[in-house]
Amino acid sequence: MQANFALAVLSTLLLMGCGGGGGESPTQPVTPELPLYLVSTQVGAGGSVSPSSVQVRQGMTSSLNVTAAVGFTVDSVSGCGGSFSNGTFTTGVINAACTVTASFKK
């Protein structure tokens, strides 16, 4: 009888020592995805902006190509806290929906 009791205690201690044998690994913290915001465009006659709109994850930037039609030049490109250089408009860090406006002149 003492042998059975000792075996029961030993088995219990072994299971407790290994955490019960559930086989589960520790859970990893879940990082929520940041929201997406729409960067849209407003384009005057004489050119184009591509893409015409884009979804950008909060805290990121995006680049758009600005092209003048034949006989036109880029007059100005602004919005979304960005900058224009050599045919590419790069937004600032996006934290809300915004609009890029492009105008062209002959």
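In which sense do strand 1 and strand 8 pair, and over how many bridges? Strand 1 and strand 8 pair in the parallel sense, over five bridges; the legends below take up this pairing and several others.

This is a predicted model, in which local features need pLDDT of at least 70 and side-chain atom pairs count only at pLDDT 80 or more, while totals for chains, interfaces and linings use all residues. Residues are numbered from 1 along each chain as its sequence is written, and side-chain values use heavy atoms, with hydrogens and water left out.

**View 1. Strand 1 with its partners, strand 3 and strand 8.** Strands are DSSP runs of E with at least two residues, numbered from the N terminus, and two strands are said to pair if DSSP finds at least two bridges between them. Strand 1 covers residues 36–43 and pairs with strand 3, residues 53–57, in the antiparallel sense over five bridges, whereas its pairing with strand 8 is parallel. On the strand 3 side, S40 stands opposite S53; on the strand 8 side, V43 stands opposite A102.

View 2. S53 belongs to strand 3 and is partly exposed, with a relative accessible area of 37%; here buried means under 20% relative accessible area, exposed means over 50%, and partly exposed lies in between, for a 1.4 Å probe and protein chains only. Contact means heavy atoms within 4.5 Å, and, not counting residues up to four places away in sequence, S53 touches L38, V39 and S40. Although S53 and L38 are 15 residues apart in sequence, they are 6.9 Å apart in space, C-alpha to C-alpha.

**View 3. The largest nonpolar core.** A nonpolar core is a set of buried Ala, Val, Leu, Ile, Met, Phe, Trp, Tyr and Cys residues joined through side-chain atoms within 4.5 Å. Of the 13 residues in this core, V39, V66, V77, C80, F89, I94 and V100 touch the most other members. Strand 4 (63–68) and strand 8 (98–105) each supply at least two residues of the core, and strand 8 gives the most, with four residues. Not counting residues up to four places away in sequence, I94 touches Y37, V39, V56, R57, Q58, G59, M60 and C80.

View 4. In the loop between strand 2 and strand 3 lies P51, which is joined to S50 by a cis peptide bond with omega of about -5°. C80, in the loop between strand 5 (73–78) and strand 6, has a phi near 55°, a positive value in a residue other than glycine, and counts as buried at 14% relative accessibility. N86, in the loop between strand 6 and strand 7, has a positive phi near 50°, and this residue is exposed, with a relative accessible area of 77%.
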